[in-house]
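User: I have just opened this entry and would like a short tour. Could you start with the terms I will need?

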Amino acid sequence: DCIGTAQTFTITVNPNGQVNDPADQVVCDGDLTNAVIFTTNNTVGTTTYNWTNDLTSIGLAASGTGDIAAFTAINTGTAPVVATITVTPTFSNGSVDCIGTAQTFTITVNPNGQVNDPADQVVCNGDLTNAVIFSTNNTVGTTTYNWTNDLTSIGLPASGTGDIAAFTAINTGTAPVVATITVTP
């Protein structure tokens, strides 16, 4: 038997791509989202990230590569909208790409608060005003109302929260007085 010189070679087995699940986000129309920085537990090689977005109306493209920069969220409707972003990781090492399991996360864009304009009222001294019941066109979530009054001598406090109950109007003078109530939804 004539034995020759032994040769060695390697078989490298790369891990599949892996991405840590990004946090869901909830923002309001017109606000900046948080940047999404994708991370992985894989080491040595390089991990790249490709993502898709199923609802471009929020202000984010339909697809992209790499991290997602902060962007101004858009919701022109009256209910929250939810975009689902799917990110697929690819691990590269030794000129071999190994695609991993995709992760999904959501960006919910709430509409801004909105209040329907209450009707102006004209009453006499000593009469009850009409209760002011605030309403909104927004749906799903909860809208709260904070209000301020610039003329407390009419019998209404300087500020409050929620609807304004009927109250007895006061004017001890000789000319009409006008209070401006500002409601913020």
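User: What should I know about the model itself?

Analyst: It is a predicted model, in which local features need pLDDT of at least 70 and side-chain atom pairs count only at pLDDT 80 or more, while totals for chains, interfaces and linings use all residues. Residues are numbered from 1 along each chain as its sequence is written, and side-chain values use heavy atoms, with hydrogens and water left out.

User: How many helices and strands does the protein have?

Analyst: The protein has 0 helices and 9 strands. Both are DSSP runs numbered from the N terminus: helices are H or I with at least four residues, and strands are E with at least two. The pattern along the sequence is β-β-β-β-β-β-β-β-β. The radius of gyration is 30 Å, well over the 16 Å that the globule rule gives for 185 residues, so the protein is more spread out than a compact globule. That radius is taken over C-alpha atoms, and the rule is 2.2 Å times the number of residues to the power 0.38.

User: What box do the C-alpha atoms fill?

Analyst: Along the principal axes, they fill a box of roughly 125 × 25 × 20 Å.

User: And what about contacts along the chain?

Analyst: Contact means heavy atoms within 4.5 Å. Among contacts with a separation of 6 or more, 62% are between residues 24 or more positions apart.

User: Changing topic: which loop holds V44, and is V44 buried or exposed?

Analyst: V44 is in the loop between β1 (25–28) and β2 (46–53). V44 is exposed, with a relative accessible area of 78%. Its phi is positive, about 75°, although V44 is not a glycine.

User: And where is V140?

Analyst: V140 lies in the loop between β6 (103–110) and β7 (146–149). V140 also has a positive phi, near 75°, and is a residue other than glycine. The relative accessible area of V140 is 71%, which makes it exposed.

User: Last one: where is F9?

Analyst: F9 is found in the segment before β1. With a relative accessible area of 70%, F9 is exposed.

Conventions. Buried < 20%, exposed > 50% of the residue type's maximum accessible area, 1.4 Å probe, protein only.
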